[in-house]
Amino acid sequence: MASRTREVNLFDILQQIDQRDYARVYLLTGESFQRDEALKALLDAFTDEATRAFNLDILDGEEVGLDEISRRVGTFPMMGDCRVVVVHRADSLHLGAKDF
């Protein structure tokens, strides 16, 4: 499994995918082109086009809280090996008292 705390770039992510040495969580930040390319590569690696509708959740950090993200992350994959939960604008998550 890939390092948990090491900062990686797009090349590193592509290399991890090629070597099937994935991290459990990726935090994608920075320039939008590289961020979008990394997200596309990860989605292609982790989700099959036929089951993507069942195993991919795309959420907005301005609209959901940690409880909803946790619920989605904890849902088992359907007809696939894994689920992917993408949270756009995670820096905008509202952390209310119920989230702790």
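How many salt bridges does a search of the whole structure find? The count is 9. The model is predicted. Notes on helix α1 and on some of these pairs follow.

1. Helix α1 spans residues 10-19, and its buried residues are L10, D12, I13, Q16 and I17. Viewed down the helix axis, they fall within an arc of 160 degrees, so they line one face of α1. F11 and D18, on the other side, are exposed. The buried residues pack against α2 (32-46).

2. Both ends of α1 deserve a look. At its start, a side-chain oxygen of N9 comes to within 3.0 Å of the backbone nitrogen of F11. Just after the helix, R20 has a positive phi of about 55 degrees.

3. D57 and R83 form a salt bridge through their side chains, at 2.1 Å from N to O. This pair links distant parts of the chain, 26 residues apart: D57 is in strand β1 (56-60), R83 in the loop between α4 (66-73) and β2 (84-88). D57 is buried at 13% relative accessibility. R83 is buried too, at 18%.

4. A salt bridge also joins the side chains of D60 and R89 (2.2 Å, N to O). D60 lies in β1 and R89 in the segment after β2, so the pair ties together parts 29 residues apart in sequence. D60 is buried, at 16% relative accessibility. R89 is partly exposed, at 43%.

5. R72 is partly exposed, with 21% relative accessibility. Salt bridges with shared partners join D57, E68, R71, R72 and R83 into one network.

How values were computed. Residues are numbered from 1 along each chain as its sequence is written. This is a predicted model: local features need pLDDT of at least 70, side-chain atom pairs count only at pLDDT 80 or more; totals for chains, interfaces and linings use all residues. Side-chain values use heavy atoms; hydrogens and water are left out. Buried means under 20% relative accessible area, exposed over 50%, partly exposed in between (1.4 Å probe, protein chains only). Helices (H or I, at least four residues) and strands (E, at least two) are DSSP runs, numbered from the N terminus. The arc is that of the directions from the helix axis to the C-beta atoms. Contact means heavy atoms within 4.5 Å. A polar contact is a pair of N or O atoms within 3.5 Å; within protein, one must be able to donate a hydrogen and the other to accept it, and residues adjacent in sequence count only if both atoms are side-chain atoms. A salt bridge is a side-chain nitrogen of Lys or Arg within 4 Å of a carboxyl oxygen of Asp or Glu.
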